[in-house]
Amino acid sequence: MHSSVDHFIAGRRRPGTSGEHFSVTAPSTGEVLATGILAGPQDVDEAVAAARAAFPAWSRTTPAERSEALTRWADRVQARSEEFAAVESRMCGKPIRLTRGFDVPGTIDNIRFFAGAARHLEGHASAEYSGDHTSSIRREPLGVIGSVAPWNYPLQMAAWKLLPAVAAGNTVVLKPSELTPLTSLMFARAAQEAGIPDGVINIVTGTGPVAGQALVAHPDIAMVSFTGSTAVGRQIAAQAAGAVKRVHLELGGKAPFVVFDDADLEAAARGAVAGSLINAGQDCTAATRAYVQRPLYDRFVRRVTALMDEVRLGPVDDPATDMGSLISATQRDRVASMVDAARAAGATVIRGGRAPGGGLDRGAHYEPTLITGAAQDSAIVQQEVFGPVLVCLPFDTDDDAVRLANDTPYGLAASAWTTDVFRAGRASREIQAGCVWINDHIPIVSEMPHGGYKASGYGKDMSLYSLAEYTNVKHVMSENTGAAHKPWHDVIFTSR
Ligand code: NAD
């Protein structure tokens, strides 16, 4: 028995007007979870109008009022944790252990963080910098934010987009991926139950080219906040340039995982397996390229292979399942074709490299895959695979490690594994990425920013940095002497 996917506009659930029917399918089983009508440009217009109407009152609430509303929102989500975890798990093909242990508690922590952050917008101290004027800084919300999110962590992506925007006093229209809208809608309804006024948060589910485009191009959107692929991010930035719209881009990644010869081999091997297979590798910060210093290389490959052999694929609602399915058969086929191309180009597939058989063939599963012998300039090393695939390559000198780590267009995240404090320091300085982990890979915290360098985009999610991005800085300068003739007027007329 499946439910209907509505849109959430001005606090009301209603079907879309595009006339185009769609379904949300559990990718691990093929079961239809919900059906609905996609949003078209008219739905986007209505959602933007609702957000615009809600802006004046919401932007004038006090930080304390917004903070209290967010705290109630966190409580509502917490009270329904299990339901959120179950829906996110089935909708995405994620193991229930992942959604219970990471997606849902991470989201609740994000809400609680932004409840506090709403009261901590910072700027310069007010002062008489010129001598005769008092200068002060106002940080003002921008207006209506148009947010577009991907399918890999739908609940957390909705949280990362909505929370800083709303905490800073903006209103939002969020377009989740049409593959994964259900938890974004539940999240918005929880906000309504928490007393966040209708119109502050609106959700329209449609395709990128239709609803996404209509939102990005809408003249009443003050800022576009996008998380997704670099290719789409580029198009959005080009389009926003015409209207001089603020753009926030969280794009693809191809994280290097650098293991120096003094590293703890067991810690690094476990980190590589967990860091490459989390969310079936559909994680923009996933470990994708392990560069291992030659003395450790063979042992590392053997240990990673053994650990990957232990990873259990299975039904997503079984707490014993370690890795679920990919988001769709299309995504699985894309991953498979990249692995096949690497094989054809001379790389060695040490393990995996195929869809599993047995009871899993109804879903979009793919085996944990380890590849060696790939050329540094090959597609499997340079391009985002977004699947459970780790490439492992040797290096000789520390200079090589830094050069190889930086040798892709991306710069979202990276890790360095070493017990040498100087190597750790060099890696953290010289690897071009928005996050460099030392002796770990993946953990995130609400207090710290997430965002890219290079083709991974610009702008930060989470942390006070993201709150600031959803505001405009205004300088207010008040003259204090009341004199008609000010000293600087001498540049136009001398003291007359
Ligand atoms: P995608 O770029 O195909 O789609 C992302 C979103 O953009 C979807 O909602 C889609 O409908 C919409 N979209 C597509 N074309 C559009 C257009 N022309 N105009 C407006 N909207 C459009 O990405 P995806 O396949 O959903 O997600 C995977 C990608 O997201 C990967 O590249 C991954 O690295 C990236 N990602 C990045 C981060 C980060 O924080 N940097 C986090 C998660 C995912």
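Which side chains does a polar contact of 3.0 Å join? The views below start there. The structure is a predicted model, in which local features need pLDDT of at least 70, side-chain atom pairs count only at pLDDT 80 or more, and totals for chains, interfaces and linings use all residues. Residues are numbered from 1 along each chain as its sequence is written, and side-chain values use heavy atoms, leaving out hydrogens and water.

**View 1. Glu193 and its arginine partners.** The polar contact (N or O atoms within 3.5 Å, one able to donate a hydrogen and the other to accept it; residues adjacent in sequence count only if both atoms are side-chain atoms) joins Glu193 and Arg76. Arg76, Arg80, Glu83 and Glu193 are linked in a network of salt bridges (a side-chain nitrogen of Lys or Arg within 4 Å of a carboxyl oxygen of Asp or Glu). Glu193 is partly exposed, at 37% relative accessible area (buried is under 20%, exposed over 50%, partly exposed in between, with a 1.4 Å probe and protein chains only).

**View 2. The salt bridge of Asp6 and Arg13.** Here the side chains of Asp6 and Arg13 meet, 3.6 Å from N to O. Asp6 is buried at 15% relative accessibility, whereas Arg13 is partly exposed at 43%.

**View 3. Glu178 with Lys175.** The closest N and O atoms of this salt bridge are 3.9 Å apart. Lys175 is buried, with a relative accessible area of 3%, while Glu178 is partly exposed at 24%.

**View 4. Arg343 and Asp340.** Their side chains form a salt bridge of 2.8 Å, N to O. Arg343 is partly exposed at 36%, and Asp340 is partly exposed at 39%.
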